[in-house]
Amino acid sequence: MPLLCEAVGLPPGPRSRRVRHHVNPLKLEFLQMAPPPLPLPPGPVEVELGCADARFLFERARQHPGTSLIGIEIRPEWVRRVNERARAQGVPNVAAVHANINQDLPALFRPGQVDRFFLNFPDPWFKRAQHKRRVLDLALAEQLRELLRPGGELLFQSDVFEVALAALEVLERTAGLTNVCGEWSFCRQNPYGARSLREIRAEERGLRIWRLLFQRATAPQACR
Ligand SMILES: C[S@@+](CC[C@H](N)C(=O)[O-])C[C@H]1O[C@@H](n2cnc3c(N)ncnc32)[C@H](O)[C@@H]1O
């Protein structure tokens, strides 16, 4: 079976031994990445936004061998490592793509193509000065709704209450998305049975995890 990571390719630039801790997604180089549409095979598509080592996707790949599992990541060294792991372990349905979540999703996916988006532990910072850099804003939420198929799902998780509350407000305000756990409510469980590295670390430290599960409506809704 052809490997998805071979089709997606590696980001340009030299290989590095360390992964940078902080990246400013508003830097010009990250606003001009312009990735081509992804050559995905027929079948379900699930996307982790900001996948880092993609532990979540590799775990999910074992349970769902017929699903294409795509990680979007702005740090090229993670992209290399994920694709090298997929190749080395012969995991055919996981690939990482070097792209900016806030810029490139409409170039990568067709409207209605994605079955699930996972936004696991974005924005570990929460200082007021960094609010303008939050990944999930209304523009992104509306894009995700357009790229989801009707009935498709969006999972958001964070161990930072302020970040989760801001995400809840954005998603509740997005027409055409419905909160699966009840209006203005968090969910108790991660329903997917796969955990990201940050989720495991947070659980080991006994931190509370704030989870949101939204679904794209199957019929047009009135504006909220
Ligand atoms: C805190 S880490 C969480 C990683 C993983 N989802 C987890 O739960 O273990 C957030 C990741 O999102 C990536 N990221 C942040 N902003 C991004 C953007 N605009 N586009 C793509 N990736 C982004 C970071 O490089 C980082 O790897």
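What share of the contacts in the protein with a separation of 6 or more is accounted for by residues 24 or more positions apart? Such residues account for 79% of those contacts, two residues being in contact if their C-beta atoms, placed from the backbone, lie within 7 Å. The model is a predicted one, in which local features need pLDDT of at least 70 and side-chain atom pairs count only at pLDDT 80 or more, while totals for chains, interfaces and linings use all residues. Residues are numbered from 1 along each chain as its sequence is written.

**Overall make-up**

- The secondary structure comes to eight helices and seven strands, where helices (H or I, at least four residues) and strands (E, at least two) are DSSP runs numbered from the N terminus.
- Of the 224 residues in the protein, 38% are buried; a residue is buried if 20 or more other C-beta atoms, placed from the backbone, lie within 10 Å of its own, exposed if 12 or fewer do, and partly exposed in between.

- The twelve residues of H7 (residues 161-172) should span 16 Å at 1.5 Å a residue, which agrees with the 16 Å between its end C-alpha atoms, the expected span being 1.5 Å times one less than the number of residues.
- Val-163, Ala-164, Ala-167, Val-170 and Leu-171 are the buried residues named in H7.
- Viewed down the axis of H7, its buried residues fall within an arc of 120 degrees and so line one face of the helix, the arc being that of the directions from the helix axis to the C-beta atoms.
- On the other side of H7, Phe-161 and Glu-169 are exposed.
- The cover over the buried residues of H7 includes helix H6 (138-147), together with strands S5 (148-158), S6 (177-179) and S7 (210-216).

**Asn-179 in strand S6**

- Asn-179, which is found in strand S6, is partly exposed, with 17 other C-beta atoms within 10 Å.
- Once neighbours within four places in sequence are left aside, Asn-179 is in contact with Glu-172, Ser-185 and Phe-214.

**Helix H4**

- Pro-76, Trp-78, Val-79, Val-82, Asn-83 and Ala-86 are the buried residues of H4.
- These residues cover an arc of only 160 degrees around the axis, which puts them on the same side of H4.
- Helix H1 (4-8), strand S2 (68-73) and strand S3 (94-98) are included in what covers the buried residues of H4.

- Ala-52, found in the loop between S1 and H3, has a positive phi of about 50 degrees although it is not a glycine, and Ala-52 is buried, with 20 other C-beta atoms within 10 Å.
- Ala-54, whose place is in the loop between S1 and H3, has a positive phi of about 60 degrees although it is not a glycine, and Ala-54 is buried, with 28 other C-beta atoms within 10 Å.
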